[in-house]
Amino acid sequence: MAQHIMFVAEVAQEKPLLQVRQLSKSYGVNKACYDISFDLYEGEVLGIVGESGSGKTTLLRLLCAGLQADTGSIVYRSEAADPVEICGLNEAKRRQLLRSEWGYVQQNPRNGLRMGVSAGANIGERLMAVGARHYGNIRDQASTWLDQVEIDRQRIDDAPQYFSGGMQQRLQIARNLVTQPRLILMDEPTGGLDVSVQARLLDMLRGLVSQLRLSAIVVTHDLAVARLLSHRLLVMYRGTVVEQGLTDQVLDDPQHPYSQLLVSSVLSP
Amino acid sequence: MLSVKNITKCFTLHQQGGTQIKALDAVSFRVKKGECLALQGPSGSGKSTLMRLLYGNYKAQTGTVAIVLPSGQLLNLVTASPRQIIKVRQYTIGYVSQFLRLIPRVTCLSVVMEPLLQRGVSDEDAEGRAAALLARLNIPSNLWTLAPSTFSGGEQQRVNIARGFIASYPLLLLDEPTASLDAENREVVIKLMLEAKTAGSSLVGIFHDPQVRDAVADQVLTLS
């Protein structure tokens, strides 16, 4: 009888939020990203790990169309409209998408914030970009978000140039999440932060992702961060994805020689 | 509930000259609803490897691990997609590992509540159930709102057990759940396991303590 066992095929017929197929990008003869394919579903966090120069950031920039891919396709299933092809999207539409349904957290918060204007304005700017006009409401929301990312409300009128690196990173996250995006791309969100600040940021991100049912793609070279935040993992090496799967399976039972090297190279305190 | 056929697991260490280590060779067994299987064998015989395979944490080369989903359908864990495994872990298979994985700043109560929250139980309800279980496992209430990193080994293990038992799973995997517990707490854990069996859960466990094994196991599988 055991021969006649029928197994279920897939989790209910859910469609992916983001569908990436055969994405490639070269700089001259250098293949920065080559033949990359994956799906991302709603409420899911995908980690991308690999050494520096493996193409992680290039991939992230291709995904938000900040860089033009040579070949391949990225289909985003937007909330309101029909599925959108991101490759070759015109600039106006791309900006509209990045403001409303997507967020991008830069590795260096100075690139993702306006350093000269107040923290409140940094958060409020994105709200205004999607149509908010009432000053009181905007300020209230900005205050609420400062609470969420554990920045003292009293600092709402201070410019982020007077903030510490960890605070700037948290402010950048608040600025990105205030418009309730569905997808957020993060490039080394904890890079350059000392460990106590990192723990605080990770704890906060974990909470926000599950609370808001966000989908996220997190690029990191820190495997502990990847384990904590992501459901699934892509391992990149020299521009290609050498392994992908369930986060703990990839980290505990890596199959590819490079993944094994990566996992075995980590010092644990 | 669980049917394992001809499971083989071989590790290839690419960074160490491609050394092959055969951990499991054609292992087969079945566990019925409400039954407990104890895994036995000297250390290095593949007990923990087998547990991890059953949780989808390790990848098997050949064989099938068939598990009955709440819907009544069967799923083969060896070929299941990552998303299927995540879902299975949420509702079908629980795992009490030997050591608690510590996350900075996350309190004892949150660690225990998490499986319930993932199933959509309200905060209040989850917290009530977590508190009751922690009390039953003799964790002093002044520790509940602290992060368990400073707890003793036995306390951490009991927090881990509370996390494993807070939600009911049709299949529960237990890796030496009583290893660092005193006699009194061991009794509590034995009771929890027996209650889970009575409620219809199947258990697979590694129990070095013969007293615990005799109290809960219906069959024993010896690996070599």
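How many residues of chain B are in contact with chain A, and how many of chain A with chain B? In this predicted model, 24 residues of chain B are in contact with 25 residues of chain A.

**Where chain B touches chain A**
- On the side of chain B that touches chain A, β5 (74-76) and α2 (82-91) of chain B each supply at least two residues.
- The most comes from α2(B), which gives six residues to this side.
- Sorted by class, this side of chain B holds eleven nonpolar, eight polar and five charged residues.

**Chain A as a whole**
- Chain A contains ten helices and ten strands.
- Its radius of gyration is 19 Å, which agrees with the value near 18 Å that a compact globule of 269 residues would have.
- Along the principal axes, the C-alpha atoms of chain A fill a box of roughly 65 × 50 × 50 Å.
- Of the 269 residues in chain A, 43% count as buried.
- Among contacts in chain A with a separation of 6 or more, 64% join residues 24 or more positions apart.

**The domains of chain A**
- The domain assignment divides chain A into domain 1 (16-101 + 181-269) and domain 2 (112-180).
- The centres of domain 1 and domain 2 of chain A, taken over C-alpha atoms, are 25 Å apart.
- Domain 1 of chain A brings 13 residues to the contact, and domain 2 of chain A brings 13 residues.
- On the domain 1 side, α2 (91-100) and α7 (195-212) of chain A are the elements that give two or more residues.
- Here α7(A) gives the most, with six residues.
- The residues on this side of domain 1 of chain A are nine nonpolar, two polar and two charged.

Definitions and conventions
Residues numbered from 1 in each chain as written. Chains lettered and ligands numbered in written order. Predicted model: local features only at pLDDT ≥ 70, side-chain atom pairs only at ≥ 80, totals over all residues. Contact = placed C-beta atoms within 7 Å. Helix = DSSP H or I, 4+ residues; strand = E, 2+ residues; numbered from the N terminus. Nonpolar A, V, L, I, M, F, W, Y, C, P; charged D, E, K, R; others polar. Rg over C-alpha atoms; globule rule 2.2 N^0.38 Å. Buried ≥ 20, exposed ≤ 12 C-beta atoms within 10 Å, placed from the backbone. Domains from an automatic or database assignment.
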